[in-house]
Amino acid sequence: MTHPLPVCYTSPDSMVKRRTMIDLLLILLAIVGFIVWLMWNEPRMLYHPSREIEQTPDQLGFKYENINLTTSDGVNINGWFLPAEVPTKAGVDANVLPPPTRLTVLFFHGNAGNISHRLGKIAIFRDLGVDTFIIDYRGYGRSEGQPSEQGTYLDAQAAYEYLTQQRKLSPRSIVAYGESLGCAIAADLASKVEVRGLVLEEGFTSTSDVGQKMFPFFPVHWLVRNKYNTLSKMPRIHIPVLIFHSRDDEVINFSHSQRLLAAANEPKQFVELHGGHNDAFEVSAPTYRAALSKFFVTLSL
């Protein structure tokens, strides 16, 4: 006598639950995969250093000193000190006269390249009658180590101590200048030590805000390790602030600098430029130079 084989029956509810569990597992795996990917790639996405020094100031006829420093955590970093080209008043436009008191721009560049790619901007500082000290962060140019948020802050501190302790400059003669990523570093320094003024060019509120815009469906704010929260530093800064930003910036949205301006204390000034993230200072050269010159003269009075 034969018996019929048992029939396996799966209810519609069971199928739905199984499919839901599979979907949740896939979502969880995607989130975990994204977290691992972000942690692995974050430094590569944030920092784009170049080791090759493509040009030195003397090749452009600029006098300079090659400076080597050691940070508080023992990393050797490199920089250049360039004295100003002080123009005479004869035949010089009033908008580009040198400031009455000699100022020094402590220049923190963006996340790509190295100090040799900023000579065009340094030339403007020289023309406006201010000295410049520019450093390469750890991992950039001739500086040792690997970049990180805390590491770049230590690099900035070492540069400041070089100016105030070794060169014996008054803190009130130093203007912290940040370009893109350097805005976060300049603002952090200005929130901790005495400087005369702060200039932010094409800055951002935080790297987590930038990352959240890139990956809107993931909790980037919780995952980013190098946060560079410029916005949180602004209320602690009580010196004159000048902010440049272009509406055409294809990397950092114009709204970032508007939020930085809103968080800054008086006196503060916002100057709108035109052009891309990396060339707005050239595209809007007359506006840029005139605003910088006026700011420097005001600081030096």
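Is Phe270 buried, partly exposed or exposed, and what is its relative accessible area?

Tutor: In this predicted model, Phe270 is partly exposed, with a relative accessible area of 24%. Phe270 belongs to strand β10, residues 268-273. The ring of Phe270 forms an aromatic pair with that of Phe254. A pair of aromatic rings is described by the distance of the centres and the angle of the planes. For Phe254 and Phe270, the centres are 5.4 Å apart and the planes make an angle of 85°. Because planes over 60 degrees apart count as edge-to-face, the pair of Phe254 and Phe270 is given that description. Phe254 lies in helix α8, residues 254-263, and the two partners are 16 residues apart, so that the pair links distant parts of the chain. Phe254 has a relative accessibility of 9% and therefore counts as buried, whereas Phe270 is partly exposed at 24%.

The structure holds 12 aromatic pairs in total. Elsewhere, Tyr47, Tyr153 and Tyr228 form one aromatic cluster.

Charged side chains also meet aromatic rings. Lys121 lies over the face of Phe281, 4.3 Å from the ring centre. The charged end of Arg167 sits over the ring of Phe81, at 3.6 Å from its centre.

A further element is the hairpin of β2 and β3, with 5 residues between the two strands. Strand β2 covers residues 65-70 and strand β3 residues 76-82; they run antiparallel and are joined by 6 bridges. In the turn, Gly74 has a positive phi of about 85°.

Conventions: Residues are numbered from 1 along each chain as its sequence is written. This is a predicted model: local features need pLDDT of at least 70, side-chain atom pairs count only at pLDDT 80 or more; totals for chains, interfaces and linings use all residues. Side-chain values use heavy atoms; hydrogens and water are left out. Two strands pair if DSSP finds at least two bridges between them. Helices (H or I, at least four residues) and strands (E, at least two) are DSSP runs, numbered from the N terminus. Rings of Phe, Tyr and Trp (its six-membered ring) pair if their centres lie within 6.5 Å; planes under 30 degrees apart count as stacked, over 60 as edge-to-face and the rest as tilted. Buried means under 20% relative accessible area, exposed over 50%, partly exposed in between (1.4 Å probe, protein chains only). A charge sits over a ring if NZ of Lys or CZ of Arg is within 6 Å of the ring centre and within 35 degrees of the ring normal.
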